[in-house]
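Okay, thanks for coming, everyone. Let me put the model up on the screen and then we'll walk through it together.

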Amino acid sequence: MTLVTLKDVLQPALQQGYAVGGLVCLGWEDMRAYVAAAETENCPVILQAGPGCRAHTPLPVLGKMFRHLAEQASVPVVAHLDHGYTYDECSEALDSGFTSLMFDGSRKPLADNIKETRQIAEMAHNSGISCEGEIGFVGYSGGEASAGTDPAEAAQFAAETGVDAMAISVGNVHLQQDKEGGLDEPRIAAIQAATGVPLVIHGGSGVPVDQRRRLATTTNISKFNIGTELRMAFGNAMREAVNRDAERFDRVSILKETHDPVMEAARTVLRNLKG
C-alpha cells in the first residue's frame, strides 16, 4: 500500500529540487491513467478531487476509488481534496479516507482565511493527514480575475495557519487552454524569501512547460496542479473513438480508448516536473 499524505511527497520534493503533479480527476478512467503514468515514470502522484469531480461523484465513493488505486500502486499516491470550501466538506473528505485537504478561503478577508484555514489544518493534523491553503486569489480564464499574493501576507498566512503547502497567485489562471502566459518570478522569489513552506501553483496547464520545469527544480514550488491539458487529452481521445465508428454505443469499449492517450499526456506532465 502506497497511500501517503501531501507532506510525505512535498517535503522530499522541496529538499531535492523537483515538483509533484497534482492531477485533477473527473472519473475512474483518468485517475487510473494518472497512476499508470506515475508508475511508468517512477514518481509520486497526487490524485485531486475538485468541485467538478465532487458534483459528479460523492466524496465517500471518490475516497474508496483513490485508496483502491493507491493500494495497488508501486509509487506513492496522495488522495487530495482540491478546493474544499467549508469545514463540513473537508471533514467529510477526511472521513472518506482522503489524506490531504485543500481548504480554499482565498475569496475571504485575510483574517477570516487564516482563522478558517487554521481550523482545517488542525483537524487534518489531528488525524495524521495534510492541509493545503491558498493566499491571494487564482482567477479563471474568461471569469473571475486574479488577485496576486502579497509576500508579507503569505508569510503571515503560513506562520499562523500551520499549512503543509501554500497555493499562491503569481500570474497563474485556472482553466487556461494555451500556454501563452507565464508566472511572475520576482513575486515568487519574494514569497519564497518570506516563508519556507512548499508552494503550489494552481492552473498549471497555462504555464509554459520550460518555465514549469525550471521553477520545479530551482524554487520552492513543489506542486503543480494540472487539469485542463489532461481533460483536453481525454476529450480528444474520446471524440476520436466515437467518431471512428458511428454504430458503436458501448461506453466501456469507447472509454477504454482514452486510457493510453491520457496516460501518455500525464507521463509528459510528470516527466517535466522532475527536471
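Predicted model: local features only at pLDDT ≥ 70, side-chain atom pairs only at ≥ 80, totals over all residues.

Residues are numbered from 1 along each chain as its sequence is written, and side-chain values use heavy atoms, with hydrogens and water left out.

Let's start inside. By nonpolar core I mean a set of buried Ala, Val, Leu, Ile, Met, Phe, Trp, Tyr and Cys residues joined through side-chain atoms within 4.5 Å. Buried here is under 20% relative accessible area, exposed is over 50%, and partly exposed is in between, with a 1.4 Å probe and protein chains only. The largest core has 69 residues, and the ones touching the most other members are L23, L47, F98, L101, M166 and F224. Which helix gives this core its largest share? That's helix 2, residues 28-41, with 7 residues. Helices are DSSP runs of H or I, at least four residues, strands are runs of E, at least two, and both are numbered from the N terminus. There's also a second, separate core of 12 residues, with V9, I46, V78 and A167 among them.

Have a look at M166. Leaving out residues up to four places away in sequence, its contacts (heavy atoms within 4.5 Å) include I135, F157, I191 and L199.

Now the helix pairs. Two packed helices are described by the angle between their axes and the distance between the axes. The axes are lines fitted to C-alpha atoms, for helices over the stretch in contact, and angles run from 0 to 180 degrees between N-to-C directions.

First up, helix 2 with helix 12, residues 259-271: the axes come within 8 Å and cross at roughly 50 degrees. So helix 2 is oblique to helix 12. On the wording, under 35 degrees is roughly parallel, over 145 roughly antiparallel, 65 to 115 roughly perpendicular, and the rest oblique. On the helix 2 side, the contact includes A33, A37 and E41, and on the helix 12 side it includes V262, A266 and R271. By class, this contact splits into 9 nonpolar, 2 polar and 5 charged residues. Nonpolar covers Ala, Val, Leu, Ile, Met, Phe, Trp, Tyr, Cys and Pro, charged covers Asp, Glu, Lys and Arg, and the others, Gly among them, are polar.

Helix 2 also meets helix 4, residues 59-72, where the axes come within 11 Å and cross at roughly 25 degrees. That pair is therefore roughly parallel. W28, M31, R32, V35 and E39 in helix 2 meet L62, M65, F66, H68, L69 and Q72 in helix 4.

Then there's helix 5, residues 87-95, packing with helix 6, residues 110-126, at about 15 degrees with axes 10 Å apart. How many charged residues are in that contact? None: the contact has 6 nonpolar, 2 polar and no charged.

Last, some single residues. N42 has a positive phi of about 55 degrees although it isn't a glycine. N42 sits in the loop between helix 2 and strand 3. Is N42 buried or exposed? Exposed, because its relative accessibility is 64%. H83, in strand 4, also isn't a glycine and has a positive phi near 55 degrees, but H83 is buried, at 5% relative accessibility.
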